[in-house]
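User: I am new to this structure. Please take a close look at one part of it, the surroundings of a ligand, and then connect that part to what lies around it.

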Amino acid sequence: MAVKKVKKEFAVTVAEKRCKGCGICIELCPKKVLELAYPQMKCRVVRIQDCIGCLMCELHCPDFAILCKPKEITPAAPDEKPAARGKGA
Ligand code: SF4
Ligand code: SF4
């Protein structure tokens, strides 16, 4: 049986009130997920699909303003049958 790889997805949130726009998270993010928004000078998430959940942003933010969490993946119920099957199924 073939094993299907599932790409893990992450949710990154920035608490704007805490963010002072220092840019540390933006510099450290290896996937360029974050940018500085002008003129607000706050970090914002621009490429969430590229996030690998490394937590560099969360662990290095001096103001605890950014959080990264894995998204919940709901697996199909074991007794759930595929919607479309071939003839005779
Ligand atoms: S490291 Fe924290 S305070 Fe600095 S820009 Fe990123 S979220 Fe904002
Ligand atoms: S968890 Fe890693 S990849 Fe995702 S936004 Fe933060 S630094 Fe970038």
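Analyst: The shell around ligand 1 is made up of nine nonpolar residues, two polar ones and two charged ones. The model described here is a predicted one. Of the 13 residues around ligand 1, the nearest are five cysteines: Cys19, Cys22, Cys25, Cys43 and Cys61.

One of these cysteines leads on to the neighbouring parts of the chain. Cys43 is among the residues touched by isoleucine 26, once residues up to four places away in sequence are left out. Isoleucine 26 itself belongs to helix H1, which covers residues 24-28. Between isoleucine 26 and leucine 36 there are 7.5 Å from C-alpha to C-alpha, with the two residues standing 10 positions apart in sequence.

Strand S2 (residues 34-37) and strand S3 (residues 42-45) pair in the antiparallel sense, with four bridges between them. Within this pair, glutamate 35 is placed opposite arginine 44 of S3. The two strands form a hairpin, and four residues separate S2 from S3. In the turn, methionine 41 has a positive phi of about 60°. As a general point, side chains in a regular strand alternate between the two faces of the sheet.

The second ligand can be described in the same terms. Ligand 2 is surrounded by 16 residues, and the closest of them are Cys29, Val33, Cys51, Cys54 and Cys57. Two elements, strand S1 (10-14) and helix H2 (56-60), each give two or more residues to this shell. By type, the shell around ligand 2 holds 14 nonpolar residues, one polar residue and one charged residue.

The secondary structure comes to two helices and four strands, and along the sequence they follow the pattern β-α-β-β-α-β. The chain has 89 residues, and buried residues make up 15% of them. Among contacts with a separation of 6 or more, 53% are between residues 24 or more positions apart.

Methods. Residues are numbered from 1 along each chain as its sequence is written. Chains are lettered from A and ligands numbered from 1 in the order in which they are written. This is a predicted model: local features need pLDDT of at least 70, side-chain atom pairs count only at pLDDT 80 or more; totals for chains, interfaces and linings use all residues. A residue is near a molecule or strand if its C-beta atom, placed from the backbone, lies within 6 Å of it. Ala, Val, Leu, Ile, Met, Phe, Trp, Tyr, Cys and Pro count as nonpolar, Asp, Glu, Lys and Arg as charged, and the others, Gly among them, as polar. Two residues are in contact if their C-beta atoms, placed from the backbone, lie within 7 Å. A residue is buried if 20 or more other C-beta atoms lie within 10 Å of its own, exposed if 12 or fewer, and partly exposed in between; C-beta atoms are placed from the backbone. Two strands pair if DSSP finds at least two bridges between them.
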